[in-house]
Amino acid sequence: MMQIVETSQEGFTDLFAQRSARNAVDLGGEPLVEQILEDVNRRGDTAVAYWTQKLDGEVIRPDDMEIVPDPGCIEKLDPDLRSALETAAARIRAFHERLMPTGWYETTEPGIKLGARITPLDRVGIYVPGGKAAYPSSILMCAIPASVAGVEEVVMVTPPRGRHLPLVIEAAAAMAGVHRIFRVGGAQAIAALAFGTERIPRVDKVVGPGNRFVAEAKRRVYGLVDIDSVAGPSEVCIIADGSVDPAWAAADALAQAEHDEAAAVLILVTSRDYGQQIIDAIPGLLQDNPRRDIAAASLETNGLVVVCDGLDQAVDLSNQYAPEHLELLVDDPEALLERLRHAGAIFIGASTPEAVGDYIAGPNHVLPTQGTARFYSPLGTGDFVKRTSLMSFNQDALARYAGSIARLADEEGLHAHRESVLIRSK
């Protein structure tokens with residue numbers, strides 16, 4: 001089911017380095033994605049409809065790409081589902097309101113005012129997968145921060161499922177503040193958002209998870225528009241010291257593995273016996289899981305239990321791996337926090353499984369994957385705004401610094417730079 005190794009065994013360093021590099025991940029589909037992007041840029045909606053029929057098997061016309069949601073979709077939800085979605089939406093909104101950057105503009109010394117202005121993006125696109133499952137939580141996580149940031153228009157694209165969306169998807173979009181919805185998916189949807197078509201407006205930024213073709217399309221349009229990241233398969237690292245029921249750790253491993261066959265699970269333990277107990281608990285938990293084949297394939301291919309020489313080594317290996325999700329199933333989890341440098345989200349303690357963050361905790365579940373937690377952050381309100389620098393010098397302040405500016409301009413051989421300052425000092 002899952003491979004178990006010890007850090008002391010021969011070849012471990014190379015094995016773990018390979019796992020940490022995620023060398024097996026291949027976006028693939030590059031020639032096809034390039035063809036789709038070029039076609040949509042050239043033919044617009046006609047190309048979008050063509051590729052949707054060819055790849056998704058859905059016949060759509062340009063004039064029926066946009067979906068007008070049922071205005072009563074929220075009220076029509078099952079009451080328990082509606083309550084759960086509204087709870088999640090409220091908590092996500094509250095958390096991201098606290099994350100919102102603020103600008104400033106103030107006098108920093110006589111005659112000089114400096115600052116930064118925070119401005120929301122005009123229009124953003126969110127991609128909502130429509131393949132193996134429907135993910136209303138992803139709509140909330142992508143659209144609510146944009147709404148909090150003050151984005152004027154949020155455009156959602158999602159692969160077609162006939163002429164109508166599932167009610168829960170429409171309701172989540174309404175709760176999250178989505179303005180327009182198009183039933184288009186895949187690389188052609190990313191192309192439409194990046195270039196703009198007759199009906200699908202061009203956006204400033206594209207966010208949201210998708211398959212390898214979507215990820216590759218996002219990578220290729222970056223620079224024309226901004227993107228959140230080129231996301232790879234989802235992943236979790238669990239540090240466990242034996243103080244928590246091994247079935248809990250096994251359940252959390254399966255919660256990750258059931259996403260996709262390519263999902264990765266890394267469990268760092270401090271004793272081989274405990275690691276084996278976690279592995280032994282998995283088959284019983286898999287029996288009633290409708291996605292057991294997906295989860296089993298994920299654990300077989302991308303699951304690894306590592307027996308560490310204590311928690312210090314487990315922390316070091318976690319930092320090397322830089323996981324998307326990091327669970328601390330240990331006796332004193334907060335004692336490890338200061339040393340854990342690289343993770344998209346950290347789940348602190350046995351009563352905080354990853355599913356808490358996926359749905360209702362409030363922090364975003366759109367997180368850096370593939371080790372990019374070394375330099376990327378989770379999606380947040382700051383991703384939907386831009387910062388403009390502000391500066392104002394009066395005549396006296398400019399005179400005080402004219403000599404320094406002129407000297408630096410001379411050093412760089414920029415004569416007009418120097419003169420633009422000195423002419424004001426004469």
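Contact is taken here as heavy atoms within 4.5 Å. The structure is a predicted model, in which local features need pLDDT of at least 70 and side-chain atom pairs count only at pLDDT 80 or more, while totals for chains, interfaces and linings use all residues. Residues are numbered from 1 along each chain as its sequence is written, and side-chain values use heavy atoms, with hydrogens and water left out.

Helices (H or I, at least four residues) and strands (E, at least two) are DSSP runs, numbered from the N terminus. Helix α8 spans residues 186-195, and nine of its 10 residues are buried (under 20% relative accessible area; exposed, over 50%; partly exposed, in between; 1.4 Å probe, protein chains only). The buried residues of α8 pack against elements including α2 (30-43), α3 (45-56) and α9 (212-221), as well as strands β5, β6 and β8. G196 follows the helix and has a positive phi, near 80°.

Six strands form an open sheet with mixed pairing in the order β2-β7-β6-β5-β8-β9, pairing being assigned if DSSP finds at least two bridges between two strands. The edge strands, β2 (66-67) and β9 (226-227), each pair on one side only. Strands β8 and β9 are parallel and share two bridges; V206 has I227 of β9 as its bridge partner.

Strand β15 (residues 385-393) contains K386, which is partly exposed at a relative accessible area of 48%. Not counting residues up to four places away in sequence, K386 touches R117, I118 and T119. The C-alpha atoms of K386 and T119 are separated by 5.4 Å, although the two residues lie 267 residues apart along the chain.
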